[in-house]
Amino acid sequence: MLAYIGRRALLAIFTVWAISMLAFVIIQLPPGDYVSSYIAQMASMGSVVTDEEAQNLRIQYGLGQPIYVQYWKWMKQIAEGNFGFSMEWRRPVTEVIGERLWLTVVVAVSALLLTWVLALPIGIYSAVRQYSIGDYAATFVGFIGLAVPNFLLALVLLYLGFTLFNAHIGGLFSPELQDAPWSLARVWDLLKHLPIPALILGLAGTAQQIRIMRANLLDELRKPYVVTARSKGLSEPRVIVKYPVRMALNPFASTIGYTLPYIVSGSIIVSLVLGLPTVGPLLLKALISQDMFLAGTIVLLLGIMTVIGTLISDIVLVWIDPRIRLEDT
Amino acid sequence: MALAADAGRVPSVSTTDQQRIFVASQWQLMWWRFRKHRVAVASAVVVAGFYLAVLGAEFLAYSDPNASEAQRSLMPPQPIHWFDDGRFRPHVYGLKGARDPKTFKRVYQADPRQKIPVRFFAQGFEYRFLGLIPMSRHLIGVDPARDAAGTIFLLGTDVQGRDLWSRLMYGTRISLTIGLLGVTASLVLGVVLGGLSGFYGGVTDTVIQRIIEILRSIPTIPLWMGLAAALPRDWSIVQVYFAITVIISLLGWTELARVIRGRFLALREEDFVVSARLVGCSQMRTIFVHMVPSFMSHIIAATTLALPAMIISETALSFLGLGLRPPAISWGVLLQQAQNVQTVAISPWLMIPAVPVIIAVMAFNFLGDGLRDAADPYGR
Amino acid sequence: MPRILMDAEPLLSVRNLKTYFQQDEGTVKAVDGVYLDMNPRATLGVVGESGCGKSVTARSILRIVDRPGRIVEGEIWFRRPAANGGPGSHAVDLAKLEPNGLQMRSIRGAEIALIFQEPMSSFSPVHSVGNQIVEAIMLHQEIGRREARDRAIQMLRRVGVSSPDQRIDQLAHQLSGGLRQRAMIAMALSCSPTLLIADEPTTALDVTTQTQILELMRQLQQEDGMAIMLITHDLGVIAEMATDVAVMYLGRVVEQAPVDAIFHAPKHPYTRALLRSIPRMRARSRERLTPIAGSVPHPYDRPAGCPFHPRCPDFIAGTCDREPPAPRAVGDRHIVSCFLYE
């Protein structure tokens, strides 16, 4: 079991490294180096950067040196907690991102939880009552969920909310609590605003998970151990919940690793449409104004968050499947 | 001491059926199975319709998609009235524009007295059909010579007063071809890497599998957003088009590689592959003559299933303003105008481009599902 | 309706049982008019080719036929001991019970137990063997977990599992095939059923293990006195184990008789053909085996009349292809469904 977790952790470290490379590439992509853009930006604001300052900045970021040296210097700064400086906001990147990163995590995790809470019972129902009206309905809704891109869904819901109820369904906080310090009232406000973004983000995942759960469970329901359980005289719900559902959970749980990146990806665009105070709108703004340290940092942090989430789900998987637990003992 | 039964003749009832199945080619079997899948067949028709629209976008459009006029900003759709006094005489009502004295916005009122006849195969702007044949006929249109003030906007106009229907036809062309090209690029990557992985196994397999695993555990959209944002601003439409194709194809190849690897692994141990190798077929011959044909159908199915993701990615990137940029027209570019909920609330027709996105994605999904089921001709 | 039975009456009596599977392609008549009788403590061997409805008959008796299968007709009378352990007994028609109702569930596992072919997959791979046996015990007997566990260990010891107090916490895939089938028997017998249905219990095992398992079953039968319905396509196993034999063909029992009568005086043409198709120990050398002519018809296309008539050497045109023959007694406990004996 430890070997398994060790392998997953190693892969996670590799993944983080790959993400850091990609984020670095994104920072490097725009023409011109960071300091020249910085000087130009400052000049347009009317302040002058002295040659000495420019020289210091160049040394700090290792500009002019080979690319791997620059990468190394960037990594070293990140290790010290310095993610660079946002030109657009003229503040350190960490300050700009602030609580947005955590709100992104909250939105993604609640979408994931909602996916599970919805997909599990619906999937079980669909499999046990195969070809029933409920099953067909679930399949149909599932196809809609897969076919409608979540940002379009957000757009439609926003429009309906606006025209039918004259209510703005976007955002994560009521206006009066938008910039308030954290308090119980603000947390409650957040919880009230969460369901709609969570539903929009989770719908495609839910649809997919229902299909997976249904297919797995249909496979498991045909297995002999189900007949054994039935022949003992167990009641039907107990037979199904204790045995085949338990088995079908494993492949179901292993898809969590692919669902999370998908949800995080989706949250970027959906946040834009719904105006959620996550890193999504910030990333788009940074990319459009070529504020590359901010953009690169957001990509890196999102990636790391996702990898950590996936790793946690892997460990949960080991915990529920004794076959993996016993694999290396 | 088990029973020695089941010897002798095949039961007469199913002989013809079985013989038909024995001699049928793989593609015939696939077709028979596919035909049973009603929804998939209907989806195939829808998909074919979409690609016909791609070919004949200019013919289906009736006005220049880039012709803008401030006077016609945000005109509502003009539905076609097919009958006039019980006779078949398709027409639309003329629209009268006026400025709202309070908000200074242009508002339009349909005028049932002004009936503008809709003509079929009408004269319009000149174009080259399929890029070759010069033509100026369009499926529908109004005759500018006879109805000087006559305009037709089936789906209304956008902020710049451009006809949404015509723009949608051109957008369909770009969105669907970009998906097709993207999936082709993905397919090349997927076949090469999945094939290497499945055929050689061992270290190659491990390395490629880890790469796929890493790529799949990264949230891709922010990454592709970063890449797309870095495209130089001064690139031409064509350059951006191909760059976006490459970027979205980087999204799709992992799933295709996974499918192909799976097929390779399954086939590698099959008797006919082993015997091909034993009789001395070269590796290339074994792969391309013996293995690839037997999972061609799976590749086609997987490719069809990968297409919707491509279409959604392009739409999403363009919607964010990071993908194709005007004056290029794609579904995503068209939807950009629907970003602001206040605008949409006043002019809901701006959301219409979402409809073909959803229909196309659904049709490709159903078609792919049907193909995937049919690809296993001996299964169930 | 429960009814009071004489003591000499059978433990299980199946009358004209029909279990059909309604599918898009047509109706599969898996069981199509089965008559069976079983006495207490007897061992009834049920033989027939694959797909003749043996397993579906067994599952119909337990009322665990998978959808879309459904009992469409017939009666399954099963004798239950009187409540509170008192003397006397009464019979219930299992075919009339709710498949998942309380009464059926109190019979299933407690009075009728099932073991079947796949010892590999008939245990859940993620629960310990003990967990699954204890579950069965606690379901039907009002005892605590600790006591149930003791009883499970005791049961495992009885079926010959070595160090049962350790094995009980293992997962099924940690046991060998033979041990797994022993554990399965332990689970089936843990509630002392009056009828054990063994559906091809030894098919997946190697020959040595097969003999051991059969020997174990016979020994446990002597100790506990349950009846065994032994479903198999192996006539050798039948000859070794059974007191009575029912021969099935295409969803019907064509002949039921004591084991000697079947092997030495078979009446039905199918039984005779079946016996000719197996090698015999004392056969003359170079004697040829005679395969049964033709093959089993397509499941959607069963012949009218006697299902065996297209392959029957004694086919009577105009009779055998009209109506199916009714079961008819031709000797003591010897019943045949064939027009030759009408």
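Biologist: How many residues does the contact take from chain A and from chain B?

Modeller: This is a predicted model, and residues count here when their heavy atoms lie within 4.5 Å of the other chain. By class, the side of chain A that touches chain B has 34 nonpolar, six polar and two charged residues. The contact takes 42 residues from chain A and, from chain B, 40 residues.

Biologist: What share of the area that chain A and chain B bury between them is on carbon and sulfur atoms?

Modeller: The two chains, A and B, bury about 3700 Å² between them. Of that buried area, the part on carbon and sulfur atoms is 81%.

Biologist: Which residues of chain A are in contact with Met225(B), leaving aside its neighbours within four places in sequence?

Modeller: Met225(B) belongs to the largest nonpolar core, which has 143 residues, and is among the five members, with Trp74(A), Ile97(A), Leu322(B) and Leu324(B), that touch the most other members. Within chain B, Met225(B) is in contact with Leu317(B), Leu320(B) and Leu322(B). From chain A, its contacts are Ile268(A), Leu283(A), Leu284(A) and Leu287(A).

Definitions and conventions:
Residues are numbered from 1 along each chain as its sequence is written. Chains are lettered from A and ligands numbered from 1 in the order in which they are written. This is a predicted model: local features need pLDDT of at least 70, side-chain atom pairs count only at pLDDT 80 or more; totals for chains, interfaces and linings use all residues. Side-chain values use heavy atoms; hydrogens and water are left out. Buried area is the accessible area (1.4 Å probe) that two parts lose on being put together, summed over both. Ala, Val, Leu, Ile, Met, Phe, Trp, Tyr, Cys and Pro count as nonpolar, Asp, Glu, Lys and Arg as charged, and the others, Gly among them, as polar. A nonpolar core is a set of buried Ala, Val, Leu, Ile, Met, Phe, Trp, Tyr and Cys residues joined through side-chain atoms within 4.5 Å. Buried means under 20% relative accessible area, exposed over 50%, partly exposed in between (1.4 Å probe, protein chains only).
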